Amino acid sequence: MAERKTSIIHVDEHPWEDGGEIMTLPDGPRMKIYASDDATGRTDTLINFPPGYIEPRHTHSGWHSCFLLEGRWIVEGKEIKAGSYMHGPAGPEQPHGPFHSPEGSLVFATYSGTRDTMGHNWDATDPHAPAPSEQSAQSKTRIVDIDELDWQDGSNLMTLPAGVRMKVFDEDEAAGRTDCLIEFPPGYVEPRHTHSAAHTGCLLKGDWIVEGKLLKPGSYFYGPAGDDQPHGPFESPNGTLIFISFQGGTGAAIEHHWDSDH
Ligand SMILES: [Fe+2]
Ligand SMILES: [Fe+2]
């Protein structure tokens, strides 16, 4: 059965697990697995990489969209700062990495697959093998620094009250996925609403009050798909920055339906 429920998890409510073991990576990462859902084929996690960690170049069966909350990453030689994005594609033909985390980092990642299919394949005889100097024509790895993108009017794209801004990191019509950064100004209230896609995401900055529950950065929110699954409201008393991955459709599927009388 598909996960049909709203999920709101404060970062301090959830335990850390051994991420090296779960992801079959070198020892060091810790993970909070906020969701692992068979029906939607989705696993959502917060990952802490220790200072100096290098995730080797690798492949895996599903894709992942990663958002950097804290620290910096050097991904295939490109440095990206907090607020930036990386999408690692699915399948044995799509190696990506290595990922260097010089001072340690905190990452939110949504994987296609369950926690049992998150295993990474990499060369243990040469774990720090460098990436090719150029991306191949077949490569679907996407690495976007936050400063590379301009803000867009999120109220238009998502049909929400004026004031919200978005940076769209990646939109994949075939996969039905839109990965974006969303900024709500101080005092903004996103009304209770529905949409035909689902969204999964993580709070990056500010306070966020979701259905009356106060969240701090690193916390998790999942809004289910369908017009029978209203969720919210979402209050941003001092301004809020969040990462959201809409899954289950693009374009009209991320339009929000809400009652303008409320
Ligand atoms: Fe990966
Ligand atoms: Fe929503």
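**View 1. Contact between domain 1 and domain 2.** In this view 17 residues of domain 1 are in contact with 14 residues of domain 2, where two residues are in contact if their C-beta atoms, placed from the backbone, lie within 7 Å. The side of domain 1 that touches domain 2 has, by class, 10 nonpolar, four polar and three charged residues; Ala, Val, Leu, Ile, Met, Phe, Trp, Tyr, Cys and Pro count as nonpolar, Asp, Glu, Lys and Arg as charged, and the others, Gly among them, as polar. At least two residues of this side come from each of β3 (30–37), β4 (42–49), β6 (64–70), β9 (85–88), β11 (105–112) and β12 (142–144). Helices (H or I, at least four residues) and strands (E, at least two) are DSSP runs, numbered from the N terminus. Domain 1 covers 15–118 + 140–148 and domain 2 covers 152–258, with bounds that come from an automatic or database domain assignment, and their C-alpha centres lie 22 Å apart.

The model is predicted: local features need pLDDT of at least 70 and side-chain atom pairs count only at pLDDT 80 or more, whereas totals for chains, interfaces and linings use all residues. Residues are numbered from 1 along each chain as its sequence is written, and chains are lettered from A and ligands numbered from 1 in the order in which they are written.

**View 2. The protein as a whole.** The secondary structure of the protein comes to two helices and 24 strands. Its radius of gyration (taken over C-alpha atoms) is 18 Å, close to the 18 Å that the globule rule gives for 262 residues, so the protein is as compact as a globular protein of that length; the rule is 2.2 Å times the number of residues to the power 0.38. The C-alpha trace spans about 60 × 35 × 35 Å along its principal axes. Of the contacts in the protein with a separation of 6 or more, 74% are between residues 24 or more positions apart.

**View 3. An open sheet of four strands.** The strands of this sheet have the order β16-β22-β19-β20 and pair in antiparallel fashion, two strands being paired if DSSP finds at least two bridges between them. The edge strands, β16 (188–190) and β20 (213–215), each pair on one side only. The twist averages 20° from one strand to the next, with axes that are lines fitted to C-alpha atoms, for helices over the stretch in contact, and angles that run from 0 to 180 degrees between N-to-C directions. Three bridges join β16 to the antiparallel strand β22 (residues 234–236), and Y188 stands opposite S236 in β22.

**View 4. Two cis peptide bonds.** Most residues other than glycine have a negative phi, and most peptide bonds are trans. A cis bond joins G97 and P98, with omega about 5°, and P98 is found in the loop between β9 and β10 (99–101). The bond from G232 to P233 is also cis, with omega near 10°, and P233 lies in the loop between β21 (220–223) and β22.

View 5. T24, in the loop between α1 (19–23) and β3, has a positive phi of about 45° although it is not a glycine. T24 counts as partly exposed because it has 13 C-beta neighbours inside 10 Å. E76, in the loop between β7 (73–75) and β8 (78–80), is likewise not a glycine and has a positive phi of about 50°. E76 counts as buried because it has 20 C-beta neighbours inside 10 Å. A residue is buried if 20 or more other C-beta atoms lie within 10 Å of its own, exposed if 12 or fewer, and partly exposed in between, with C-beta atoms placed from the backbone.
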